[in-house]
Amino acid sequence: MKYTLTEPQVVLLREIAAASNAVSLPPVKTHTAWALEQRGLIKRTWRGSGHVAVVTADGRYYLKHGRHPREVPAEKERLEGDAARAARAPDSGAELISRLQSTSGKITVSDPAPQTRNRWRAAYYSALHHGHMPAGHKLRWHGRQRGDCVFTLVDEEAEKATQPLPVPTVDVPESLARPHRLVHATRKAHGRSQGAVDTRGRAEVIPLYVSRPLADRALRIMHALLTEAESRGYSVETQTDLQCGEAFHTLAIVIRGRSFPLVLMERTAKVPYEPTPQELRRKERSPWTPLPKYGEEFNGRLALGAPAKSRYQRSYSYSDGARWTLESRLGHLLHDLERIAAEADRREREKELREAEQRRRWYETVARAREQQIEQHRATVLNGRIRAWRQADEIRAFCQAARVRAGDAPVAAEEADWLEWAEAYAAQLDHTLRTADEKWRSYRAVGIPRTAAAWAADWRAWIARERTPTPGHPHLRALPGGAPTSTSAGGMTRAEAHTAALLAALDEPAETE
């Protein structure tokens with residue numbers, strides 16, 4: 001366990017020890033109190049609506065001697081086994097390299113004592129300076145003074161292969177002999193004004209908001225960025241949008257049809273406000289007139305990125321810093337734009353693939369439903385013919401039984417007419433069955449069986465007609481992406497009406513049998 005304390009932990013321990021009663025712990029000091037409790041320096045308990053803490057004997061010992069009471073025994077225990085652990089350390093650099101190669105290139109020695117740490121240090125420097133290093137490898141050592149010692153044998157070629165390629169830099173010229181067309185238009189727009197250069201409200205120029213001394217540098221930066229973007233095959237254009245009823249002008253780099261707006265501004269610093277003489281005179285006449293307490297002034301640092309309230313506001317933005325200038329970050333800015341565009345393209349392709357897969361599954365479902373519908377219709381027709389055949393036989397048997405029952409006695413005229421009608425009806429049923437059978441045989445003799453793909457093509461053509469935005473043909477609701485349609489007078493949607501019409505057509509003997 002780590003027995004040393006940080007400054008906030010020591011301060012909290014002293015506050016708890018100085019109090020005569022249990023000290024209430026605010027929520028912001030929960031983690032600090034937990035660290036002290038883990039070391040046994042305080043005890044916490046829940047009282048009322050929060051934790052309270054009291055100091056322990058170990059905590060008072062720490063405040064008096066500056067170290068934890070268990071730190072000395074732990075250090076003695078660590079030093080007692082130092083000689084034995086040092087004897088197990090490698091004797092030379094060759095042995096250290098051999099151990100690294102046999103353990104996948106990494107060895108960790110947990111918090112070694114001084115003698116053990118010195119043995120590993122000697123083996124490390126022996127491997128570096130006596131020619132024990134394998135070709136194309138380097139040796140790294142972390143934890144030279146304290147903590148765990150970690151030795152790593154690194155393959156330089158493999159490490160270089162895993163590292164990303166360096167971002168190309170964009171050179172900014174010292175002067176502009178032939179400036180970019182937008183840079184030229186912006187230079188003409190701000191003219192020779194001595195105040196701040198603000199072109200954010202003008203069309204067909206670069207949106208700038210900088211102090212006059214930095215205007216030339218800002219234009220050179222934009223010239224280098226726009227020229228480099230066009231050399232990579234991207235387009236640069238100014239755009240005008242309507243926001244809150246006012247025209248909003250921006251400059252954008254377009255990558256594969258995706259626009260990335262840009263604005264170049266100089267950062268400002270908060271300073272005490274200095275009123276103008278006119279404001280002072282107004283204040284004398286009207287003492288109740290308030291004056292701002294703070295104002296802003298340019299601090300000489302340029303920032304380039306997405307405009308405020310843009311969808312890309314926090315996606316790409318670079319500025320002058322303590323270790324770099326904006327000129328050195330132009331390559332990174334273009335790299336970010338390319339990465340965002342590539343990520344958007346990837347998401348769009350994935351969306352198209354998902355929609356295509358959804359359509360494919362839907363067409364397969366439609367084809368299977370069509371086959372099932374045909375099979376169900378054939379079974380219905382077959383069952384109907386069987387019932388008609390049995391009904392005709394039963395009618396003839398009934399008529400014959402009626403005549404046999406009458407025997408030689410004369411049959412009444414009314415009964416004779418009814419029997420003749422019944423036999424004629426049975427003959428009509430037989431004629432209908434023979435006609436349907438002949439039509440089916442002739443159809444099968446000249447017809448070509450249709451595959452599921454052919455039926456699916458018919459369904460696609462029908463779907464295309466249903467999706468055509470013409471009067472009387474609203475979008476089909478049953479399709480993926482289809483809009484809801486109003487129900488008909490009979491309470492059916494348009495898709496249900498089409499299905500009912502299809503089933504009615506299948507039930508017509510002259511068309512399907």
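I began with a pair of strands: β5 and β6 are antiparallel partners over six bridges. I count two strands as paired if DSSP finds at least two bridges between them. Helices (H or I, at least four residues) and strands (E, at least two) are DSSP runs, numbered from the N terminus.

This is a predicted model, so local features need pLDDT of at least 70 and side-chain atom pairs pLDDT 80 or more, while totals for chains, interfaces and linings use all residues. Residues are numbered from 1 along each chain as its sequence is written, and side-chain values use heavy atoms, with hydrogens and water left out.

**Sheet.** I found His142 bridged to Val150 in β6. β5 and β6 make a hairpin with six residues between them. In its turn, Gly143 has a positive phi of about 90°.

Which order do the strands take? I read β4-β6-β5, three strands in an open, antiparallel sheet. β4 (106-109) and β5 (137-142) are the edges; each has a single partner strand, so one side of each lacks a neighbour in the sheet. From one strand to the next, the twist averages 15°.

**Helices on the sheet.** I looked for contacts (heavy atoms within 4.5 Å). α6 (residues 93-102) packs on the sheet and touches β4, β5 and β6. The direction of α6 makes about 75° with that of β6. α7 (residues 114-129) lies across β4, β5 and β6, at about 160° to β5. Axes are lines fitted to C-alpha atoms, for helices over the stretch in contact; angles run from 0 to 180 degrees between N-to-C directions.

**Helix on helix.** I noted an angle of about 90° between α6 and α7, with axes 7 Å apart. That makes the two helices roughly perpendicular, a label for 65 to 115 degrees. On the α6 side I listed Gly93, Leu96, Ile97 and Arg99; they meet Trp120, Ala123, Tyr124, Ser126 and Ala127 in α7.

**His68.** I placed His68 in the loop between α3 (57-65) and α4 (71-80). Is His68 buried or exposed? At 0% relative accessibility, His68 is buried; the cut-off is under 20% relative accessible area (1.4 Å probe, protein chains only). A polar atom of the His68 side chain lies 2.6 Å from the backbone oxygen of Arg39. Leaving out residues up to four places away in sequence, His68 touches Tyr3, Arg39, Leu41, Asp58, Tyr61 and Tyr62.

Methods. Parallel < 35°, antiparallel > 145°, perpendicular 65-115°, else oblique. Buried < 20%, exposed > 50% of the residue type's maximum accessible area, 1.4 Å probe, protein only. Polar contact = N/O pair within 3.5 Å; in protein donor to acceptor, adjacent residues only side chain to side chain.
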